[in-house]
Amino acid sequence: MFGRTLGSEATDARDAQVRTAIEAVYPRLYAYARFRLLREDAEDAVASALEHTWRVRSKFDPQRGDAGAWVYVVGLNGLRDAIRRVRRRPRLVSLDGVDIAAPPPGADRDRLLDALEVIRNLQPAEADLLAMRFGAGLTNTEIADQTGRSVGAIATAIHRAIAHVRASMPREPSTGDG
């Protein structure tokens with residue numbers, strides 16, 4: 001009987017750690033998803049990924065590491081799967097093209113929306129790096145840890161992806177003042 005009590009306490013403690021980690025990781029995963037998907041799809045993808053993470057929480061071993069890192073990796077992998085599913089399904093086209101989660105009106109709003117559209121249409125590996133760096137706010141070192149690549153390779157790949165985005169951006173109309 002005593003062994004069962006200890007086992008359930010360990011499970012409860014693990015569940016609490018995973019729950020806390022999910023709450024902490026959610027904003028980073030959502031920001032990552034917004035770089036890759038429209039708002040509605042991002043919300044669904046993150047919810048699906050974190051739901052999966054909760055279902056497999058029994059696989060988390062506190063002896064092997066931090067719950068935050070485990071949840072982030074499992075959630076990110078689930079999010080990548082969800083992104084692939086979203087990209088495969090047919091989409092309804094909005095007639096007005098307005099994204100209500102878009103940046104507020106301002107001089108840079110249109111350029112930012114153009115950049116997000118270009119990023120969504122990049123090769124998945126490039127879009128993934130930019131989403132991790134600028135969406136989830138990971139450092140190059142953290143991205144290298146997540147991907148198993150060197151920090152230098154990550155920095156180079158991000159630089160190239162940014163150059164690709166800049167080259168693919170629509171040109172601003174000239175005002176004729178030149």
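Modeller: Helices (H or I, at least four residues) and strands (E, at least two) are DSSP runs, numbered from the N terminus. Please keep in mind that this is a predicted model, in which local features need pLDDT of at least 70 and side-chain atom pairs count only at pLDDT 80 or more, while totals for chains, interfaces and linings use all residues. Residues are numbered from 1 along each chain as its sequence is written, and side-chain values use heavy atoms, with hydrogens and water left out.

Biologist: At what angle do the axes of H5 and H6 cross?

Modeller: Two packed helices are described by the angle between their axes and the distance between the axes. Axes are lines fitted to C-alpha atoms, for helices over the stretch in contact, and angles run from 0 to 180 degrees between N-to-C directions. Here the axes of H5 and H6 come within 10 Å and cross at roughly 135°. That makes H5 oblique to H6, since angles under 35 degrees count as roughly parallel, over 145 as roughly antiparallel, 65 to 115 as roughly perpendicular and the rest as oblique.

Biologist: Which residues of H5 and H6 meet?

Modeller: Contact means heavy atoms within 4.5 Å, and by that rule Leu129, Met132 and Arg133 of H5 meet Asn140, Ile143 and Thr147 of H6.

Biologist: How are H6 and H7 packed?

Modeller: Their axes lie 8 Å apart at an angle of about 110°, and that makes H6 roughly perpendicular to H7. On the H6 side Asn140, Thr141, Ile143, Ala144 and Thr147 take part, meeting Val151, Ile154, Ala155 and Ile158 of H7.

Biologist: Which residues have the most contacts inside the largest nonpolar core?

Modeller: In soluble globular proteins, nonpolar side chains tend to be buried together. A nonpolar core is a set of buried Ala, Val, Leu, Ile, Met, Phe, Trp, Tyr and Cys residues joined through side-chain atoms within 4.5 Å, and buried means under 20% relative accessible area, exposed over 50%, partly exposed in between (1.4 Å probe, protein chains only). The largest such core has 46 residues, and those with the most contacts inside it are Leu29, Tyr32, Leu79 and Val165. The largest share of this core, 10 residues, comes from H3.

Biologist: And the chain as a whole?

Modeller: The protein chain has seven helices and zero strands, and buried residues make up 35% of its 178 residues.
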